[in-house]
Amino acid sequence: MGEEVYTRTQIEKITELERAILGGILLDSSVLPQVIGQIDPEDFYFPKEQRIYRAILEAHGEGIAVDFISVYDRLHDLEFSEFAKLYDYALPASASYLARQLKEYSRRRRAQGAMMSSIESLSTPGADLSAQFEYLSEDFIRLMRQDEGTTTLVNQQIASMKRIERQSESDLIKTGLRPLDLMLGGMQRGELWVIAGRPSMGKSALAANCALGIAGLGNFVLYVSVEGTNHSLMCRLWSIKSGIALSKIRTGNLNLMERTNLIASAEKFSGLDTLCLSDTESRWDKIKANIQLLKLKEPRLSVVFIDYIGLISGNNASDRRQELEYMSADAKRLAASLKIVMVLLIQLNRQPELRTDHRPKLSDLRESGAFEQDADVVLMLYRPGYYKQDGTDNAAELAVSKNRDGPTGVMELGFVPECVLFTEIQDV
């Protein structure tokens, strides 16, 4: 529970607060989304309540109905009579308000811990006073002002200058696709990216290439495949890595050399523990919960690909436009709150097919809700050979049609359709 000291009255207040939140969720799980967005397990002061909240998040992430029985099944070492007392504290109607109160206690507790840690380190002979001041002025003040969203220009200028001085190339997440990394520098945590194109342009192939490149550089990646299965994605990744035609891998029609090559590629993947695949959900709330749960279990999570958003159902089946707008804004919020990059694959409307020049435009996104507005980066994929049908299908254009904080432009890529591989143009 930490070394901080609470008065008896404060302990009683926190006890009631935590139990009222947990009891409210168990009594009415519909309040859970309001709570998840505000508090984490570490915000609970008591270890037992932390465990119960983790069990709630695990059940929710697995798509299991959250109630007293389903959660208790994960906590067999607790006395059920004691666990059931949460019912007496339940205040589901006030869950969101109570979660904000609990977050405030947690923020102050962590700020106190940061301050005490700094004070203790000052007693160490030779302690750098300027370094300690920076620690207090940055970490302590940041904790106290967390989520307030308001700061003075002077304070923000100091914080931004420190961030710029500390920032380096290593802070950017490289995609492994060199032309894209050269143009944009890489991905930044908190960003929402969109990869858009007409059917069969290679959106999934491009995303798989990037996911593999990002994971290969040590960043933890989740690839959510709504359109296909984990098996089909695995075949695609093998094809990219081995250079064997995807059709041959899928059918198993491999000669001895190809089979040996495939096994060698699989052995290389056996050491890659930074890429997770998911094909189990097509509802936005469950996908979001799974992402949140994975971030709890694996703090290294850096980038999430969702392939593709058009097949995901949202919160309002009667109005698809509102669903898409909600998912767009929620994906942006999720990226910011978890400090990850969200990459959404989107199928464009039919407008490119009606133009003589079939190249996609940013306006082709507008029927997909608010993605054009919410995205930090929009990539448009176009393969001329798809329309020419002349056998020259080894070239692609990737347009950075929107970049909130940097340049836009078009880069040429090589494309090997047989093994769904995107490369620098000179490599093809």
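Helices here are DSSP runs of H or I with at least four residues, strands are DSSP runs of E with at least two, and both are numbered from the N terminus. An axis is a line fitted to C-alpha atoms, for helices over the stretch in contact, and angles run from 0 to 180 degrees between N-to-C directions. What you're looking at is a predicted model, where local features need pLDDT of at least 70, side-chain atom pairs count only at pLDDT 80 or more, and totals for chains, interfaces and linings use all residues. Residues are numbered from 1 along each chain as its sequence is written, and side-chain values use heavy atoms, with hydrogens and water left out.

Let's start with helix 12 (residues 230–242) and helix 14 (residues 256–269). Their axes lie 9 Å apart, at an angle of about 105°. That makes the two helices roughly perpendicular, a label for angles of 65 to 115 degrees. Where they touch (heavy atoms within 4.5 Å), Met234, Leu237, Trp238, Lys241 and Ser242 of helix 12 meet residues of helix 14 including Leu262, Ala266 and Phe269.

Helix 12 has another partner, helix 11 (residues 203–216): the axes of these two come within 10 Å and cross at roughly 70°. So helix 11 is roughly perpendicular to helix 12 as well. On the helix 11 side you'll find Ser204, Ala205, Ala208, Asn209 and Leu212, facing Leu233, Arg236, Leu237 and Ile240 of helix 12.

Further along, strand 8 (residues 409–416) and strand 9 (residues 421–424) run antiparallel, joined by four bridges; pairing takes at least two bridges found by DSSP. Phe415 stands opposite Phe422 in strand 9. The hairpin has four residues between the strands, and Val420 takes a positive phi near 40°.

How values were computed. Parallel < 35°, antiparallel > 145°, perpendicular 65-115°, else oblique.
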